[in-house]
Amino acid sequence: MDKIRALIVDDSSVMRKIVERSLRQAGVELDKVTEAGNGAEALASLQENPVDLILCDINMPVMDGLEFVREAAKLECAKGVPIVMITTEGSESHVVQALSAGARGYIRKPFTPDQVKEHVLPVLVKKP
Amino acid sequence: MSTDTSFITRSHEENWLPVLELAVEEVFEIMLGCRVKPVAQAEHPPSSEFTAMIGLAGALCGVITVCCSAKSAGQMATKMLGDAAASQSEVGDALGEICNMIAGNFKNKLAGTDERCMLSVPTVISGEEYSLHSMADGKAVETVLLFENAPVAVRLELQA
């Protein structure tokens, strides 16, 4: 698998670092990692920094993860880029909303690197 | 959508504490690599140098708090960052995330509640000179556990 460019969206800088470390532990070779603290920052970042994978929290200030997924689907630069949610929100309705909006995977916090591997590797392999 | 919480109160009232304890234990084990067990609060009075809070709204209305010493908060941040040194802002950030994951894990364990309960973003207070006045005036449960031999208190307060 080629090295990939990832965007990690979470309002916690500590959690962004944990997600990046978990990606590396899952065997994902990272070329470049971009970070954003909320959905609005992530949308702005996507315009400047094209990526191959997005990992996104749901509960964030300014713009939450579900709205981000809906807005990202409208962006040409984000077309086909897999989005995997990583969130404390574990309800079925959140999962359904996220997947309906275009997310390709859903990981509940707390999570292990194995769960990241299980949910991220398949979406990197299967390009739409 | 109904907002009647009476069934939740009836079915879970006697079980809040074990559910909270399990939620806490899982977060510490998965995210910090530490097995923790509840201890007697009288023998291990917790510090509140750092306090993280998450608000619950909807079917469950109240607040979950995590209180610990500055040293414990720093150790949690270091462990979360893979044994890298944590800055002061990262210490608060890490404790807030721990509280966030405990709250999320707790509500996800209550069948029928997770769909109808929302979490706030975390708030973290450093320093012990404060008084917390929660609008939650109903049932409260608390568990104290030992993390690196120091007590950490996790408290759930619910609106009646």
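This is a predicted model: local features need pLDDT of at least 70, side-chain atom pairs count only at pLDDT 80 or more; totals for chains, interfaces and linings use all residues.
A:Ala6 has A:Leu53 in E3(A) as its bridge partner.

Chain B contains four helices and seven strands, which follow the pattern α-α-β-β-β-α-α-β-β-β-β along the sequence. Of the 160 residues in chain B, 39% are buried. Among contacts in chain B between residues at least 6 apart in sequence, 66% join residues at least 24 apart.

Strand E2 (residues 50–58) of chain B pairs with several other strands of that chain. Seven bridges join E2(B) to strand E3 (residues 62–68) of chain B, and the two run antiparallel. E2(B) and E3(B) form a hairpin, with three residues between them, and B:Met53 has B:Thr65 in E3(B) as its bridge partner. Four bridges pair E2(B) with strand E5 (residues 123–126) of chain B in the antiparallel sense; here the bridge partner of B:Phe50 is B:Ser126. Strand E4 (residues 117–119) of chain B is joined to E2(B) by three bridges, again antiparallel, and B:Gly58 has B:Cys117 as its bridge partner in E4(B).

Helix H2 (residues 16–32) of chain B has 17 residues, which at 1.5 Å a residue should span 24 Å; the end C-alpha atoms are 23 Å apart, which agrees. The buried residues of H2(B) are B:Leu20, B:Ala23, B:Val24, B:Val27, B:Phe28, B:Met31 and B:Leu32. These residues cover an arc of only 125° around the axis, which puts them on the same side of H2(B). The elements of chain B that cover them include helix H3 (70–80), H4, strand E6 (140–147) and strand E7 (150–158). H2(B) is followed by B:Gly33, which has a positive phi, near 70°.

The largest nonpolar core has 76 residues, and those with the most contacts inside it are A:Leu55, B:Val66, B:Leu95, B:Ile98, B:Cys99 and B:Ile102. Helix H4 (residues 88–108) of chain B supplies the largest share of this core, nine residues. Apart from its neighbours within four places in sequence, B:Cys99 is in contact with B:Ala52, B:Met53, B:Ile54, B:Ile64, B:Val66 and B:Pro122.

The contact between the chains takes 19 residues from chain A and 23 residues from chain B. On the side of chain A that touches chain B, the elements giving two or more residues are helix H1 (13–25) and helix H4 (92–101) of chain A. H1(A) gives the most to this side, with six residues.

Technical notes
Residues are numbered from 1 along each chain as its sequence is written. Chains are lettered from A and ligands numbered from 1 in the order in which they are written. A nonpolar core is a set of buried Ala, Val, Leu, Ile, Met, Phe, Trp, Tyr and Cys residues joined through C-beta atoms within 7 Å. A residue is buried if 20 or more other C-beta atoms lie within 10 Å of its own, exposed if 12 or fewer, and partly exposed in between; C-beta atoms are placed from the backbone. Two residues are in contact if their C-beta atoms, placed from the backbone, lie within 7 Å. The expected span of a helix is 1.5 Å times one less than its number of residues. The arc is that of the directions from the helix axis to the C-beta atoms. Two strands pair if DSSP finds at least two bridges between them.
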